[in-house]
Amino acid sequence: MRRFLLHSIILLIAFFVFDKAAYFILSGYAKIQEDNRLELLLNGELQHDIIVLGSSRGASNIDAFQLEKHLQKTTYNLSYRGSDVRFQELIFRKYLEHHSAPEKVLLVVDNPYAILKESTLGMRYDRLYPLAHYNEVNSILIEKNQHSWVSSFLYFLRVHPNQLVFNKEKQKSKFPFNARGSQLLPDKSTSSNNLTFETTVNYSNKNIDPAKVDSFKEIQKLCLKNDIQLYFVFSPDYYQFNERFYNEFKTEFNSNANFIKYSIQNTEYKNASNFYDISHLNHRGTRIFTQEVAESLLKTN
């Protein structure tokens, strides 16, 4: 009996040590992430006057640092490449939980994919996994069926296989973040040399994702509740602006929101040298568009 108890105690101690080691693996993996914006957010270190949300268009097409200099308002970009509005809503909710409400939120809309069942945009679980040692992050992963509920008690169930190899080079982004969270794209791109301006863009409102519509409306409600000025921003693409999507979007979400639409008449947006690819401005193009956004914000004020 004594031997059984002794073995049981040893096993419990070993299991405790094993689980603690999993915690250190998780926290160590978080430290090698180049994109540490979400961890700064969770720690309440991103208090700013203006917050930018969006996918890669938000990340690359708006320079938060430039906007800050124009408006004399602290600005930070919390856009995530490849994210859809459901993830953007999650980021915004977490921001409000850990910070005072900003004055303004700029949400860069993916035209015409923002509310469609678009496979290239989704929930960025890969940004949540490295922070699974935070209980609030793990709770989200449990809610989204990414982790078992048992992981609430056991850290080793929060570890993913790719977190067992600490390769800092793999965590580096191809496009570095500037001091205010934007990911500006270089002026020179081999793809921009071969761009052709598209005059038609397919869009059908028969493929709308109700969950994404709900997320846009939830963001509107959060802004109304917290007295935040919300701006839906439509940035340039190297193809014909989809007026049908814009009008339908504006009709659906016109309450408690302002709209900033790039100047279609500006010939700079038909110049391929201002684009990195068909959907993203390069650094030069971003400077032009950010200036336009700043001027629009100053007018609304």
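Predicted model: local features only at pLDDT ≥ 70, side-chain atom pairs only at ≥ 80, totals over all residues.
Start at Ser 55. It sits in the loop between strand 1 (50-53) and helix 3 (56-61). Its relative accessible area is 0%, so Ser 55 is buried. Leaving aside neighbours within four places in sequence, its contacts include Ser 79, Tyr 80, Arg 81, Gln 88 and Leu 121. Asp 110 is another contact, and here the two side chains make a polar contact of 2.8 Å. The C-alpha atom of Ser 55 is also 9.2 Å from that of Leu 107, 52 residues away along the chain.

Arg 57 forms a salt bridge with Asp 110, with the closest N and O atoms 2.7 Å apart. This pair links distant parts of the chain: Arg 57 belongs to helix 3, while Asp 110 lies in the loop between strand 3 and helix 6 (125-128), 53 residues apart. Arg 57 counts as buried because its relative accessibility is 5%. Asp 110, at 4%, counts as buried too.

Nonpolar side chains tend to be buried together in soluble globular proteins. Here the largest nonpolar core has 69 residues, and Leu 78 and Phe 232 touch the most other members. Helix 5 (residues 85-98) supplies the largest share of this core, 7 residues. Beyond its neighbours within four places in sequence, Leu 78 contacts Ile 51, Val 52 and Leu 53, among others. Ile 91 and Tyr 95 are also among its contacts.

Helix 4 (residues 64-71) comes next. Its buried residues are Ala 64, Gln 66, Leu 67, Glu 68 and Leu 71. They pack against strand 1, strand 2 (75-77), strand 3 (104-108) and helix 10 (283-300). Asp 63 caps the N-terminal end, with a side-chain oxygen 3.0 Å from the backbone nitrogen of Phe 65. After the helix comes Gln 72, whose phi is positive, near 60°.

The structure holds 17 salt bridges. One of them joins the side chains of Lys 94 and Glu 136 at 3.0 Å, N to O. Lys 94 is in helix 5 and Glu 136 in helix 7, so the pair ties together parts 42 residues apart in sequence. Lys 94 is buried at 11% relative accessible area, whereas Glu 136 is partly exposed at 24%.

Lys 221 and Glu 218 form another salt bridge, at 3.4 Å between the closest N and O atoms. They are 3 residues apart in helix 8, so about one helical turn separates them. Lys 221 is exposed at 53%; Glu 218 is partly exposed at 25%. Both join Glu 89 and Arg 93 in a network of salt bridges.

Conventions: Residues numbered from 1 in each chain as written. Heavy atoms only, no water. Helix = DSSP H or I, 4+ residues; strand = E, 2+ residues; numbered from the N terminus. Buried < 20%, exposed > 50% of the residue type's maximum accessible area, 1.4 Å probe, protein only. Contact = heavy atoms within 4.5 Å. Polar contact = N/O pair within 3.5 Å; in protein donor to acceptor, adjacent residues only side chain to side chain. Core = buried A, V, L, I, M, F, W, Y, C linked by side-chain atoms within 4.5 Å. Salt bridge = Lys/Arg side-chain N within 4 Å of Asp/Glu carboxyl O.
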